[in-house]
Amino acid sequence: MLRQSTHVFTFDTRGRGLIEITQPIAVWVAASGMTQGLLTLFIRHTSASLVVQENADPHVRGDLERFFARLVPDGDPLFLHRDEGKDDMPAHVRAALTSVYLAIPLVGGRLALGTWQGIYLWEHRLRPHRREIAAHLIGV
Amino acid sequence: MLRQSTHVFTFDTRGRGLIEITQPIAVWVAASGMTQGLLTLFIRHTSASLVVQENADPHVRGDLERFFARLVPDGDPLFLHRDEGKDDMPAHVRAALTSVYLAIPLVGGRLALGTWQGIYLWEHRLRPHRREIAAHLIGV
Amino acid sequence: MLRQSTHVFTFDTRGRGLIEITQPIAVWVAASGMTQGLLTLFIRHTSASLVVQENADPHVRGDLERFFARLVPDGDPLFLHRDEGKDDMPAHVRAALTSVYLAIPLVGGRLALGTWQGIYLWEHRLRPHRREIAAHLIGV
């Protein structure tokens, strides 16, 4: 019989950068006892995002960070929204260019992540923040 | 008992820019009577997109618009697809850089949107268009 | 009564570029017999992505490819992750800028794709690869 479960995760970031959150998410999915279904995550902020990226070479995370810093420069005079500092509006743009939600099927008892895929919370603000991620799981 | 509901929303845009659609979406979700579940939206076009962004300072929407206009210039000679004008192909690129769908869990009787998050239809064409968004809701 | 189905699709790409996969996906959805529900796709790689784009003028795919090649140049000295060649890290960035999953409601017996929308697997590596897409369908 199909059933569902929801949960709100809280993560403390250490400022700008990618934090892998695969483990706590996978533990919650496993605890549900479901073996086939769909996981959806949604980050409740507009200056952080969710991405699935390579979890092998840590250079990938550094390169992503450098690319986005160049593409969306902090303090760009184009931006009028500067209330919270030079990294405020760039954080919103980075969230629009990536995503605030993601969906991963649960197949054969585990999340369908590829061998080299991890789930990351990408903090776009320079300073540490507490971030909430709403999770929804449906399946059998 | 889990159940689902679908609906197709129609919105008339006034040309390029972000339109907040949180209210009609939330009203439809509330009318379902569901308190826990998952909402998915899908825009049936490739020159408009769906984003979750800050709903407080209107500068954010202007800044997003200016950033994308600079990143994907109208009339860029790189583009061969110009049948419908200089904003035609840039609209497709903007849709690829953002997204045409989004998913938001329904937790504790309401959409898990953060305090400052709103759902936006982003019209990428210069002229007004009628846009359709297919919605799916599943839950209890 | 709500039910679900999962499947893992395999596609062989011919190197960088967009491949339309609407047909095999739509055939699988039709075979389920469901007429109302939600389809979710997830590509199990971090150097390829899933996008919904125009399926009419083939120039759109060429323009998308040229735009992303200019935005994220192969061999950019910014990138330290070069183990698999000059197109390795750009492929990860392209995947972050687009998406590795997508969700489309099933309404009135068919996927809610617009008239000109197709589902595409976007191979970001220069050489051909075998790519897996996990699919989840829930509905009635």
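In the predicted model, Asp76(C) and Arg70(A) are joined by a salt bridge, with a separation of 2.6 Å between the closest N and O atoms. This pair lies across the interface of chain C and chain A, for which the rule finds one salt bridge. Polar contacts across the interface of chain C and chain A amount to 15 residue pairs, both members of each pair being at pLDDT 80 or more.

On the chain C side, at least two residues each are supplied by strand S1 (3–12), strand S3 (37–43), helix H3 (88–97) and strand S8 (130–139). Of the elements of chain C, H3(C) gives the most to the side that touches chain A, contributing six residues. By residue class, the side of chain C that touches chain A comprises 20 nonpolar, nine polar and four charged residues. In total, 33 residues from chain C and 37 residues from chain A take part in the contact. The area buried between chain C and chain A is about 2900 Å², and carbon and sulfur atoms account for 66% of it.

Salt bridges were also counted over the whole assembly: over all chains, the rule gives 27. Among them is a pair within chain A, formed by the side chains of Glu132(A) and Arg44(A), with an N to O distance of 2.5 Å.

Within chain C, an open sheet is formed by three strands in the order S2-S7-S4, with antiparallel pairing. Strand S2 (17–20) and strand S4 (48–54) of chain C are the edge strands, each of them pairing on one side only. From one strand to the next, the twist averages 35 degrees. The pairing of S4(C) with strand S7 (residues 117–123) of chain C is antiparallel and extends over seven bridges. In this pairing, Glu54(C) has Gln117(C) in S7(C) as its bridge partner.

How values were computed:
Residues are numbered from 1 along each chain as its sequence is written. Chains are lettered from A and ligands numbered from 1 in the order in which they are written. This is a predicted model: local features need pLDDT of at least 70, side-chain atom pairs count only at pLDDT 80 or more; totals for chains, interfaces and linings use all residues. Side-chain values use heavy atoms; hydrogens and water are left out. Two strands pair if DSSP finds at least two bridges between them. Helices (H or I, at least four residues) and strands (E, at least two) are DSSP runs, numbered from the N terminus. Axes are lines fitted to C-alpha atoms, for helices over the stretch in contact, and angles run from 0 to 180 degrees between N-to-C directions. Contact means heavy atoms within 4.5 Å. Buried area is the accessible area (1.4 Å probe) that two parts lose on being put together, summed over both. A salt bridge is a side-chain nitrogen of Lys or Arg within 4 Å of a carboxyl oxygen of Asp or Glu. A polar contact is a pair of N or O atoms within 3.5 Å; within protein, one must be able to donate a hydrogen and the other to accept it, and residues adjacent in sequence count only if both atoms are side-chain atoms. Ala, Val, Leu, Ile, Met, Phe, Trp, Tyr, Cys and Pro count as nonpolar, Asp, Glu, Lys and Arg as charged, and the others, Gly among them, as polar.
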